[in-house]
Amino acid sequence: MTIKKTILITGGAGFIGSHVVRRFVTNYPDYLIINADKLTYAGNLENLADIESKKNWLFEKTDIVDKQSVLELFKKYTFDGVIHLAAESHVDRSITGPDEFIFTNIVGTLNLLNAALASWKSSPAGKLFYHISTDEVYGSLGKEGLFTEETAYDPKSPYSASKASSDHLVRAYNHTFGIPVVISNCSNNYGPNQFPEKLIPLAINNIKIGKPIPVYGKGENIRDWLYVEDHASAIDLIFHEGKAGETYNIGGNNEWTNIDLIKLLCRIMDKKLKRPEGTSEMLITYVTDRPGHDLRYAIDSSKIQNELGWSPIPEFAEGLERTVDWYLANEQWLERVLSGDYGKYYDLMYSGR
Ligand code: NAD
Ligand code: DAU
């Protein structure tokens with residue numbers, strides 16, 4: 001088979017990355033996908049078990065913080081494009097231990113940019129470094145307004161500061177060295193394969209086993225939720241149709257306070273587990289707030305909708321129901337993921353709250 005493009009996807013064993021790898025491997029049989037991942041606590045090749053037998057992807061265990069490993073990867077393959085998702089992604093972990101976020105999110109991105117620059121210097125035409133970022137770089141909104149691509153950066157957590165820093169580096173390498181880049185900043189994702197430290201899978205698991213659902217502060221913080229496959233479809237579109245040098249905001253136009261979201265999830269779980277209505281809501285427990293907790297994120301995604309024709313598909317209740325179904329049908333996945341160091345993390349994070 002002739003390979004049309006060779007694409008490096010970093011962080012492809014993680015939550016969003018695995019959906020992106022699956023989409024590219026399935027939709028583009030003439031692409032060779034190289035999935036480079038360190039397999040941290042959040043990386044899990046089991047997420048890709050269903051496409052294990054496909055011949056058009058390879059896994060390379062790589063720590064992007066290790067400059068030499070990254071350079072070797074770019075020597076081994078001639079990449080036409082990079083889709084960079086590898087990161088430390090959990091805000092709470094960035095508060096208890098920011099260092100790893102600085103290494104992976106900033107130094108790791110720098111190493112990839114340097115390797116791409118060295119490899120593409122003589123012929124950058126047709127190449128693309130696509131950096132996956134977050135709406136959290138814009139900081140926190142009050143009750144009104146939306147983040148646009150022009151909103152000034154104002155990150156508030158070590159996680160968002162590290163992501164903002166990597167976005168700046170990517171733009172600087174485009175401006176200074178001429179590497180073709182594109183960046184997208186997306187809102188909160190949910191769906192299958194999300195590590196159960198994040199609100200929705202954590203709550204699903206706690207409800208299932210009858211453990212308190214920890215709601216930070218008064219539960220009034222607002223997030224804009226997007227089904228993970230909609231993020232993957234946006235990434236596909238931006239990679240193929242996006243304009244180099246541009247930024248695209250991606251969001252679900254789907255704002256929920258945490259407490260309303262949890263109550264909806266409780267109703268779905270009662271129905272699925274055939275428990276009397278109201279059973280799960282009794283588990284809601286208000287706990288000490290996250291330090292520096294951003295009040296509200298909301299994305300204006302009109303640019304990608306108007307210029308590239310993207311739109312999200314499932315309604316939130318339907319997407320949540322699909323997510324719950326997946327977690328209930330994949331108990332072993334959850335058990336295996338929970339059996340590692342996660343128990344210690346959970347005790348540390350929630351015992352004093
Ligand atoms: P995740 O934590 O589920 O997965 C991250 C992946 O990166 C894991 O597979 C992990 O093993 C890998 N990784 C971590 N450090 C690495 C290193 N040093 N070298 C190589 N691989 C490493 O994260 P996610 O939620 O899938 O997020 C993916 C990307 O999307 C991140 O860049 C994140 O900032 C961004 N993002 C996430 C969301 C969200 O709601 N989850 C929203 C917007 C943007
Ligand atoms: O906005 C995009 C970002 O969304 C991504 O860049 C991050 O990688 C991703 O982790 C996510 O960040 P959040 O901090 O918004 O997600 P999290 O699931 O951790 O929390 C969602 C909201 O729920 C937030 O307001 C904090 C609250 N929360 C979270 C947990 C884990 C609780 O109330 N209780 C909890 O136990």
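## The shell around ligand 2

In this predicted model, the shell around ligand 2 is made up of 9 nonpolar, 8 polar and 7 charged residues, where Ala, Val, Leu, Ile, Met, Phe, Trp, Tyr, Cys and Pro count as nonpolar, Asp, Glu, Lys and Arg as charged, and the others, Gly among them, as polar. Altogether 24 residues surround ligand 2, and the closest are Asp135, Tyr159, Arg290, His293 and Tyr350; a residue is near a molecule if one of its heavy atoms lies within 4 Å of it.

A polar side-chain atom of Tyr350 lies 2.7 Å from an oxygen atom of ligand 2, and a polar backbone atom of Tyr216 is 2.8 Å from an oxygen atom of this ligand, a polar contact being a pair of N or O atoms within 3.5 Å. Of the 690 Å² of accessible area that ligand 2 has on its own, the protein covers 95% (Shrake-Rupley method, 1.4 Å probe).

## The shell around ligand 1

Around ligand 1 there are 29 residues, of which Ile16, Asp37, Ser89, Tyr159 and Lys163 are the closest, and the shell divides into 13 nonpolar, 12 polar and 4 charged residues. A polar side-chain atom of Asp63 lies 2.9 Å from a nitrogen atom of ligand 1, while a backbone N or O atom of Gly14 lies 3.0 Å from an oxygen atom of ligand 1.

Residues are numbered from 1 along each chain as its sequence is written, while chains are lettered from A and ligands numbered from 1 in the order in which they are written. Local features of the predicted model need pLDDT of at least 70, side-chain atom pairs count only at pLDDT 80 or more, and totals for chains, interfaces and linings use all residues, with side-chain values using heavy atoms and leaving out hydrogens and water.

How values were computed. Polar contact = N/O pair within 3.5 Å; in protein donor to acceptor, adjacent residues only side chain to side chain.
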